[in-house]
Amino acid sequence: MQRLLLRLLLPALYSERPVAACALLARRAVPALPRLMALRPPAGTGGGGGSGGGCGGGEDPSRAAGQAPQHDGLENVQQKKIFEENKERRHQRKETCPADSVEALMAEMPFVDTDIENEFVVHATSEINIIKKRKRIAGKELEEGSERKKKKKKQYQPNYFISLPITNPEITGSIQAVQDVIIQKDQRLSKAMVRSGSLHVTMLVMHLSNEEEISIAVGALSDSKHFVEGLLKGKTLDLSFQGIDHFRNEVGFVKLAENDHTAILTEIAETMKKIFQEKGILAGEERAFKPHLTFMKLSKSTELRKQVKKIDSSLYEDFKSHYFGDEILHRLDLCSMLKKKQPNGYYYCESSIVFGKSHEAELVKEALHRETQALLSRLNQIKELLSSPEIRMKIKKELFDDRHNSNSTWKSCVDSGSPNEQL
């Protein structure tokens with residue numbers, strides 16, 4: 001490419017700017033200058049020679065005689081030495097092209113391998129700069145796109161959820177028993193346990209960024225009541241909890257028994273998701289709805305995550321098919337994940353919807369039933385304690401020892417006489 005440019009540019013340069021060409025070749029100590037100048041058209045033949053001074057002047061008599069050129073650039077001793085060395089090198093080289101051809105002269109020039117762009121100020125960097133600029137712009141766009149994705153992911157991280165609270169003491173008590181067994185085997189996992197007051201089934205997660213969106217979510221929850229009651233058709237939704245499973249050995253949960261009621265619960269979750277999304281709330285997850293009751297998760301403690309990577313399933317092996325109890329759907333709550341929890345351990349609740357025509361009466365009845373069951377459970381424990389021979393002996397000893405001591409005290413008082421009698 002450089003040779004082609006030289007072939008095109010040099011003749012024109014010699015014709016139009018002889019002084020510049022002469023200075024360039026003199027600076028480069030071009031050994032092929034005499035032969036290259038001999039190729040120029042003679043003065044007066046229309047070659048554009050002119051009568052100006054310098055290298056661009058008329059025909060030099062010394063050239064016609066075949067003598068060495070008397071150029072000012074070659075007066076320097078070092079340049080003459082370079083000239084002689086190049087001349088010897090040229091004679092030793094076996095050229096494959098004719099001696100008078102421009103191609104041969106190009107091969108003899110010392111700047112044949114130099115950058116022609118720097119010598120003739122022919123800059124071809126604009127296109128390269130454009131390509132680099134495009135790459136920079138493309139890279140910047142990729143970075144901005146990545147940052148937007150990260151920001152979007154962070155911005156839309158769920159901070160609210162629809163909760164189905166677990167209030168049946170039978171279920172909470174059974175879960176507490178499982179937690180106690182696990183902690184006895186691995187004390188570190190005490191930090192991973194979910195308090196009984198926080199037990200719930202998550203129906204739907206969402207992100208609410210301000211009070212306006214919270215108000216919209218409250219309205220969406222209120223609108224959901226009509227659709228949920230339509231799915232219930234006046235019947236109670238009885239959810240049975242049985243068996244334990246895990247998510248990647250990082251979350252332990254109680255499973256819901258698969259039945260018609262579980263299918264209705266799934267339909268309720270999907271209906272609510274649609275209602276919230278129609279209100280403009282970013283709600284729901286990509287994965288399918290899988291109702292579960294979480295009682296243990298490593299993510300509750302960052303320190304625990306460093307110590308324990310996986311939860312050993314053998315810790316709760318004895319409860320993998322255990323029946324925990326039933327929960328009737330009476331209420332759904334819009335809860336915050338970040339706001340301070342209530343004193344009983346349950347999440348901060350923005351709004352709730354309840355179901356059933358005589359819901360309050362049912363709640364009272366259910367509360368009385370649960371209290372009765374709790375008292376019966378206590379009585380059974382007392383009966384078990386009283387049935388133990390050791391406990392009976394302790395009680396008998398305490399009763400008879402106390403009676404004997406009191407009788408002895410009374411007898412001593414009678415024998416000695418009371419202060420009143422002495423008066």
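Visitor: Is Glu250 buried or exposed?
Guide: This is a predicted model, and the answer comes from a computed area. Glu250 has a relative accessibility of 18%. Buried means under 20%. Because 18% falls under that cut-off, Glu250 counts as buried.

Visitor: Which residue forms a salt bridge with Glu250?
Guide: Look for a side-chain nitrogen of Lys or Arg within 4 Å of a carboxyl oxygen. The closest N and O atoms of this pair are 3.9 Å apart. The partner of Glu250 is Lys310.

Visitor: How many residues apart are Lys310 and Glu250?
Guide: Lys310 sits in the loop between helix H12 (302-307) and strand S7 (323-328). Glu250 sits in the loop between strand S3 (238-247) and strand S4 (251-256). The pair links distant parts of the chain, and the separation is 60 residues.

Visitor: What is the relative accessible area of Asp333, which forms a salt bridge with Arg331?
Guide: In this salt bridge, the closest N and O atoms are 2.9 Å apart. Arg331 is partly exposed, at 30% relative accessibility. Asp333 is buried, and its relative accessible area is 0%.

Visitor: How many salt bridges does a search of the whole structure find?
Guide: One of them is formed by Lys310 and Glu250. Another is formed by Asp333 and Arg331. The search covers the whole structure, and its count is eight.

Visitor: Where does Lys279, the salt-bridge partner of Asp223, lie?
Guide: The N to O distance in this salt bridge is 3.0 Å. Asp223 is in helix H10 (residues 211-232), 56 residues apart from its partner. Lys279 lies in the loop between helix H11 (260-278) and strand S5 (282-283).

Visitor: Are Asp223 and Lys279 buried, partly exposed or exposed?
Guide: Asp223 has 34% relative accessibility. Lys279 has a relative accessible area of 40%. Buried needs under 20% and exposed needs over 50%. Both values fall in between, so Asp223 and Lys279 count as partly exposed.

Visitor: At what angle do the axes of H10 and H11 cross?
Guide: Two packed helices are described by the angle and the distance between their axes. Here the axes come within 9 Å. The crossing is right-handed. The angle is roughly 145°.

Visitor: Which residues of H11 make the contact with H10?
Guide: H10 brings Ala217, Ala220, Leu221, Ser224, Phe227, Val228, Leu231 and Leu232 to the contact. The H11 side is made by Ile264, Glu267, Ile268, Thr271, Met272, Ile275 and Phe276.

Visitor: Which helix gives the largest share of the nonpolar patch?
Guide: The patch is formed by Leu376, Leu379, Ile382, Leu386, Ile395, Leu399 and Phe400, with about 650 Å² of accessible area together. Helix H13 (359-386) and helix H14 (389-416) each give two or more residues. The largest share is four residues, and it comes from H13.

Visitor: What is the relative accessible area of Leu379?
Guide: Leu379 lies in helix H13. A patch residue needs over 30% relative accessible area. Leu379 passes that cut-off because its value is 46%.

Visitor: What percentage of the residues in the protein are buried?
Guide: The protein has 15 helices and nine strands. It exposes about 28100 Å², with carbon and sulfur atoms supplying 53% of that area. Of the 423 residues, the buried ones make up 31%.

Key
Residues are numbered from 1 along each chain as its sequence is written. This is a predicted model: local features need pLDDT of at least 70, side-chain atom pairs count only at pLDDT 80 or more; totals for chains, interfaces and linings use all residues. Side-chain values use heavy atoms; hydrogens and water are left out. Buried means under 20% relative accessible area, exposed over 50%, partly exposed in between (1.4 Å probe, protein chains only). Patches are made of residues with over 30% relative accessible area and no salt bridge: like charges are joined within 9 Å, nonpolar side chains (Val, Leu, Ile, Met, Phe, Trp, Tyr) within 5 Å. Accessible areas come from the Shrake-Rupley method with a 1.4 Å probe; for residues, only the protein chains shown count as cover. Axes are lines fitted to C-alpha atoms, for helices over the stretch in contact, and angles run from 0 to 180 degrees between N-to-C directions. A crossing is left-handed if the near helix is turned anticlockwise from the far one by less than a right angle, and right-handed if clockwise. Contact means heavy atoms within 4.5 Å.
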